Amino acid sequence: MRSLRGDLMKWLLGALGFGSLVLVMVAYVVTLGEMNEVLDENLREVAEAVAQYHASAQVTAKPRPAMPGGQSDDDGDLVSLVWQRDGTPVFSSNPRFALRFTDVPGPGRFEVAGEEWRTYTVVLTDTVVQAAQRTTARHQMAVESASKLFIPLVALIILLAGLIVVALRRGMRPLDEATGQIARRSALSLEPIASENMPREMQPLVAAFNELMQRLSNAFSMQRRFVADAAHELRSPVTALRLQLTLLDRAADAAGRLAASADLRLGIERSERLVEQLLQLSRAQPDVDLHHVERLSLGDLVRSVVAEFHREAVARGIDLGASTTEGISVDGDAMQLRVLLNNLVRNALRYSPDGSRVDVVSAVEEGRPVLRVIDNGPGIPAADRDHVFERFRRGSASHVRKGDPAGSGLGLAIVHAIAQRHGAIVSLYSSPEAAPGLEVRVMFG
């Protein structure tokens, strides 16, 4: 398993090792530069000293030819040479090295047998004096000087590694404490983690966790309320079914059994409708992902839903019409948007009197797609409109058509939940065409 602490150790020790290597290389380059400066000055002093010596002893000096490849008493890296102006060797402190003659005064460089030499040349009236040194020797001295830093750096890395381990343990302690708080929680504990003493770097993580706990708490509360409401609402139709079944059993004649059977059938249909709406509401919860999101034509949706309710509207003499504007489309779940519009049209038909009018419209308002359902029903008092989207909130029974079973109070709650999931806003208005009437408007983002 990957360890954050191990990763930090690897990166920090790697950075220390790389930094130490760079430090040694810089020390080598700086040392070599300083050595070149000092030793070049030494070459100049040696060359001038030898030139002064030979100038004073020129009368008695005996020419001493160089001996390339030969042995010498002086095998050091510093060589001094004296030449006649025509290039004839006069003296070499180490004849083993056959250096090249040059009469160009001052510092210089040249290669002999694949090795670089740094020289300083002094030109006199009849002689040329050179002091030379192999560059390799200087590199060796720079390497030896820089390598002396290696052991102290290794010791420093070991010391820093120990300090880093201690620092990481102390620095990760708040994370361990937060982990402990979470581990000690029960499955039902959704309380936030205390963040007062957390370091600044952990505040966003703790805040995100606490926000998640809050969302879970809200979701669980909503779920518990939903289950309680559903159980309460299901209890009434189940009790009614039991009574209707008892009445059917006790019916004394065929007419009584027929009436009891009709009541029982209505009770079963109402229960089925309630269960179906509970399922629709559960699928429209904010924590349930949208499926099959696609580009949908609002005009096609309106025409399809109006066609579905056409027979029911004709049976009651209601003028159910569709008014659409082509080219209006939204991104959404086709099944859920159909459920949304079905609920609006079903409510409009339920509360509209026979022979009235219901219009379903798709249009563009303020640059945004809009669905509108307008009816000639009793409308909703302004004081009640803030509560009609609550679950199991029913309208006045006096407005329900005789013989039509009462609604479950879930229709507008389902509409509101689906609209929210599609980023739409549901608003209620008094019908502009007939008082009191109602217009429900769903405006998409």
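These are my notebook entries on what I looked up in the predicted model shown above.

**Entry 1: ground rules**

I number residues from 1 along each chain as its sequence is written, and for side-chain values I use heavy atoms, with hydrogens and water left out. Since the model is predicted, local features need a pLDDT of at least 70 and side-chain atom pairs count only at pLDDT 80 or more, while totals for chains, interfaces and linings use all residues.

**Entry 2: confidence and overall make-up**

I began with pLDDT, the predictor's confidence in each residue on a scale from 0 to 100; its mean over the protein is 83, and 90% of the residues reach 70 or more. Over residues 59-75 the pLDDT is below 50, and beyond near neighbours in sequence this stretch has 27 contacts in the model, a contact being heavy atoms within 4.5 Å.

I then listed the secondary structure, taking helices (H or I, at least four residues) and strands (E, at least two) as DSSP runs numbered from the N terminus, and the list comes to nine helices and twelve strands. Of the 445 residues, 37% are buried, where buried means under 20% relative accessible area, exposed means over 50%, and partly exposed lies in between (1.4 Å probe, protein chains only). Among contacts between residues at least 6 apart in sequence, 65% join residues at least 24 apart.

Helix α6 (residues 254-283) has 30 residues and reaches 43 Å from its first C-alpha to its last, close to the 44 Å expected at 1.5 Å a residue, the expected span being 1.5 Å times one less than the number of residues. Its buried residues are Ala260, Leu264, Gly267, Ser271, Leu274, Gln277, Leu278, Gln280 and Leu281, and what covers them includes α5 (203-250), α8 and α9 (411-421).

Helix α2 (residues 135-147) has 13 residues and reaches 18 Å between its end C-alphas, close to the 18 Å expected. Thr135, Ala137, Arg138, Ala142 and Ala146 are buried in α2, and the buried residues of this helix pack against α1 (4-56), β4 (115-123), β5 (127-134) and α3 (150-171).

I also checked valine 30, which lies in helix α1 and counts as partly exposed because its relative accessibility is 46%. Valine 30 and alanine 142 are 112 residues apart in sequence, yet 8.7 Å apart in space, C-alpha to C-alpha.

**Entry 3: strand β1 and its partners**

Strand β1 (residues 78-84) is mostly covered, with five of its seven residues buried. I counted two strands as paired if DSSP finds at least two bridges between them: β1 and β5 pair in the antiparallel sense over seven bridges, and valine 82 has valine 129 of β5 as its bridge partner. β1 also pairs in the antiparallel sense with strand β2 (residues 89-92), over three bridges, and here proline 89 is the partner of tryptophan 83. In the hairpin of β1 and β2, which has four residues between the strands, glycine 87 takes a positive phi near 95 degrees.

**Entry 4: positive phi outside glycine**

Alanine 113, in the loop between β3 and β4, has a positive phi of about 55 degrees although it is not a glycine; at 78% relative accessibility, alanine 113 counts as exposed. Glutamate 366, in the loop between β9 (357-365) and β10, has a phi near 55 degrees, a positive value in a residue other than glycine, and at 71% relative accessibility glutamate 366 counts as exposed.
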